[in-house]
Amino acid sequence: VDFFGDQLGQAMPYADFLFGNESEAAAYGKKHGLGEDLKEVVKLPKKNEAVPRTVIFTQGSESTLVACNGKVEVFPVEALSKDLLVDTNGAGDAFVGGFLSQLLQGKEIKDCVNAGHWSARYIIQQSGTQLGKECDYKP
C-alpha cells in the first residue's frame, strides 16, 4: 500500500475480489481514511456494479474476515502447533491460490476460505515455498 498505493487506487474500481492481510488492511484504511471497517472498502467505487466486491482479510493465526454485500463473515483458523511452524513466507499467496482454486470451480465462499486455510497451513510447514508432495487437499 505504501509503495504501490497509486497503482492499487487505479485498479480498485475493477476489483471484484480484494485480498490482504491485517497490516495491509490497516495501512490501506489509514491512507484512505476508511478506518478498520471492511464494509468501507467493499463500498469503494466499482465499474462493474453487477458483481459485488468481496474483500478477504487474513490475520495469520486469527480468523479470516470476508466482507460482501454489507455483511462480514468470520472464518476461524485451525490452530497449528508452534513446533510445526517452519516459515511463514508465502502463506498469503498460498491462501489466495487455495481460495481461487475453489472459486473457479464455483464453490461457496466458505469452501474457498477452507481451501485457502489448508494451502496456507501446508506452506507454513515447509522451508521456503516448496511443494514437497502431490496435493492431498480434500474439500
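A pocket is an open set of grid points where a 1.4 Å probe fits, with protein on both sides within 12 Å along at least five of seven lines, and its lining residues have an atom within 4 Å of a point. The views below come from a predicted model.

**View 1. The largest pocket and its centre.** The largest pocket is lined by 36 residues. Five of these lie nearest its centre: Thr 58, Gly 60, Ser 61, Ala 91 and Ala 120. The volume of this pocket is about 960 Å³.

**View 2. The elements around the largest pocket.** The top contributor is α5, with six residues. Sorted by class, the lining of the largest pocket holds 18 nonpolar residues, twelve polar residues and six charged residues.

**View 3. The whole fold.** Five helices and four strands make up the elements of this protein. Follow the sequence and the order is α-β-α-α-β-β-β-α-α. The radius of gyration is 15 Å, close to the 14 Å from the globule rule for 139 residues, so the protein is as compact as a globular protein of that length. Along the principal axes, the C-alpha atoms fill a box of roughly 40 × 30 × 25 Å.

**View 4. Inside and surface.** Of the 139 residues in the protein, 31% are buried. The accessible surface comes to about 8,900 Å². Carbon and sulfur atoms hold 52% of that surface. Now take the contacts with a separation of 6 or more: residues 24 or more positions apart account for 53% of them.

**View 5. Pro 13 and its contacts.** Pro 13 sits in the loop between α1 (5–11) and β1. Leave out residues up to four places away in sequence, and Pro 13 touches Pro 45, Lys 46, Lys 47, Asn 48 and Arg 53. Look at Pro 13 and Arg 53 in particular. They are 40 residues apart along the chain, and their C-alpha atoms are separated by 9.5 Å.

**View 6. Asn 69 in its loop.** Asn 69 is found in the loop between β3 (62–68) and β4 (71–75). Its phi is positive, about 55°, although Asn 69 is not a glycine. Is Asn 69 buried or exposed? Asn 69 is exposed, because its relative accessible area is 63% and the cut-off for exposed is over 50%.

Conventions:
Residues are numbered from 1 along each chain as its sequence is written. This is a predicted model: local features need pLDDT of at least 70, side-chain atom pairs count only at pLDDT 80 or more; totals for chains, interfaces and linings use all residues. Side-chain values use heavy atoms; hydrogens and water are left out. On a 1 Å grid over the protein atoms alone, a cavity is a set of points where a 1.4 Å probe fits but cannot get out, and a pocket is an open set with protein on both sides within 12 Å along at least five of seven lines; lining residues have an atom within 4 Å of a point. Grid points are joined across faces, edges and corners, and a volume is the space filled by probe spheres set on the points. Helices (H or I, at least four residues) and strands (E, at least two) are DSSP runs, numbered from the N terminus. Ala, Val, Leu, Ile, Met, Phe, Trp, Tyr, Cys and Pro count as nonpolar, Asp, Glu, Lys and Arg as charged, and the others, Gly among them, as polar. The radius of gyration is taken over C-alpha atoms; the globule rule is 2.2 Å times the number of residues to the power 0.38. Buried means under 20% relative accessible area, exposed over 50%, partly exposed in between (1.4 Å probe, protein chains only). Contact means heavy atoms within 4.5 Å. Accessible areas come from the Shrake-Rupley method with a 1.4 Å probe; for residues, only the protein chains shown count as cover.
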